[in-house]
Amino acid sequence: MDNLEDMKIVAEQWSKQGIEFVQKIPQPQLYAAIAVLLLATIWLFAIRFFRRTKSNTVLLSGLSGSGKTMLFYQLRDGSSHQGAVTSMEPNEGTFVLHNENTKKGKVKPVHLVDVPGHSRLRSKLEEYLPRAAAVVFVVDALEFLPNIRAASEYLYDILTNASVVKNKVPVLLCCNKTDKVTAHTKEFIRKQMEKEM
């Protein structure tokens, strides 16, 4: 009980000293200090309120038939979606990646979007690029040479996109079907695409 009374007395003394100190400050300086304090508080709240939240959207892009849809299903639920399926609309979903389900601890879901690769449907990519956290560009390692020019142009368009440049979106080159005997190596694909660009 004595401690509470002592704390009350100390608080009253500090309060009196604070009031005396404030009364000694000239009014224009006091108003200026209050104004600066208010502006700083408003500025901090504005930054916190308008700050863009970090995106969790990962785009799968690449030429039609490169294996984007198969990769989408593999990451979503581990299923092996067989055969070439030309997507007319983006496949998208928010889920914990299939191989992350077994991990313990905090695992965040990812918004994965498989964007159609057909040249007439590539405008869909423009809708998603501004909110992309990353882009995975899928290349078919078996059919690489016949498609090198188209794949390189498409990748170049992504790399020079204003949203990708402004937001510094990382782009991963994913070589699909490299397990096949006649597939080109990832090093060969990278070098050839660099030359083509």
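Predicted model: local features only at pLDDT ≥ 70, side-chain atom pairs only at ≥ 80, totals over all residues.
Which residue in β4 is the bridge partner of L59? The partner is V135.

1. Five strands form an open sheet, in the order β2-β3-β1-β4-β5. The pairing is mixed. From one strand to the next, the twist averages 20°.

2. **The β1-β4 pair.** β1 covers residues 57-62 and pairs with β4 in the parallel sense. The pairing runs over 6 bridges. L59 and V135 are bridge partners here. As background, strands of a sheet pair through backbone hydrogen bonds, either parallel or antiparallel.

3. **α5 on the sheet.** Helix α5 packs on the sheet and touches β1, β4 and β5. Its direction makes about 175° with that of β4.

4. **α7 on the sheet.** Helix α7 lies across β4 and β5. It runs at about 125° to β5. The buried residues of α7 are I189, Q192 and M193. Seen down the helix axis, they fall within an arc of 100°, so they line one face of α7. The general rule is that an α-helix has 3.6 residues a turn, so residues three or four places apart point the same way. The cover over the buried residues of α7 includes β4 (132-140), α5 (148-159) and β5.

5. **The largest nonpolar core.** This core has 24 residues. Those with the most contacts inside it are L59, L125, F137, I158, I189 and M193. The elements giving two or more residues to the core are α4 (123-128), β4, α5 and α7. The largest share, 5 residues, comes from α5.

6. **I158.** This is one of the core residues with the most contacts. Leaving aside neighbours within four places in sequence, I158 is in contact with S61, L125, V135, F137, V164 and V171. V135 is also the bridge partner of L59.

7. **V115.** Is V115 buried or exposed? V115 is buried, at 0% relative accessible area. Its place is in the loop between β3 and α4. Not counting residues up to four places away in sequence, V115 touches L59, L60, K68, K124, L125 and Y128. The C-alpha atoms of V115 and N91 are separated by 6.9 Å, although the two residues are 24 apart along the chain.

8. **H111.** H111 is in strand β3 (residues 110-114). At 15% relative accessible area, H111 is buried. Neighbours within four places in sequence aside, H111 is in contact with N56, T57, V58, E92, G93 and T94.

9. **Cysteines.** How many disulfides does the structure hold? The count is 0. C174 is in no disulfide, and its nearest cysteine sulfur, that of C175, is 6.8 Å away. That is too far for a bond, because a disulfide needs the two sulfur atoms within 2.5 Å. C174 is partly exposed, with 22% relative accessible area. C175 counts as buried, at 17% relative accessibility.

10. **Backbone points to check by eye.** Most residues other than glycine have a negative phi. K168 has a positive phi of about 50° although it is not a glycine. K168 is found in the loop between α6 (162-167) and β5 (171-176). With 73% relative accessibility, K168 counts as exposed. K177 also has a positive phi, near 70°, and is a residue other than glycine. K177 is in the loop between β5 and α7 (186-196). Its relative accessible area is 27%, so K177 is partly exposed.

Note on methods:
Residues numbered from 1 in each chain as written. Heavy atoms only, no water. Helix = DSSP H or I, 4+ residues; strand = E, 2+ residues; numbered from the N terminus. Buried < 20%, exposed > 50% of the residue type's maximum accessible area, 1.4 Å probe, protein only. Arc of directions from axis to C-beta. Contact = heavy atoms within 4.5 Å. Core = buried A, V, L, I, M, F, W, Y, C linked by side-chain atoms within 4.5 Å. Pairing = 2+ DSSP bridges. Axes fitted to C-alpha atoms, helices over the stretch in contact; angles between N-to-C directions.
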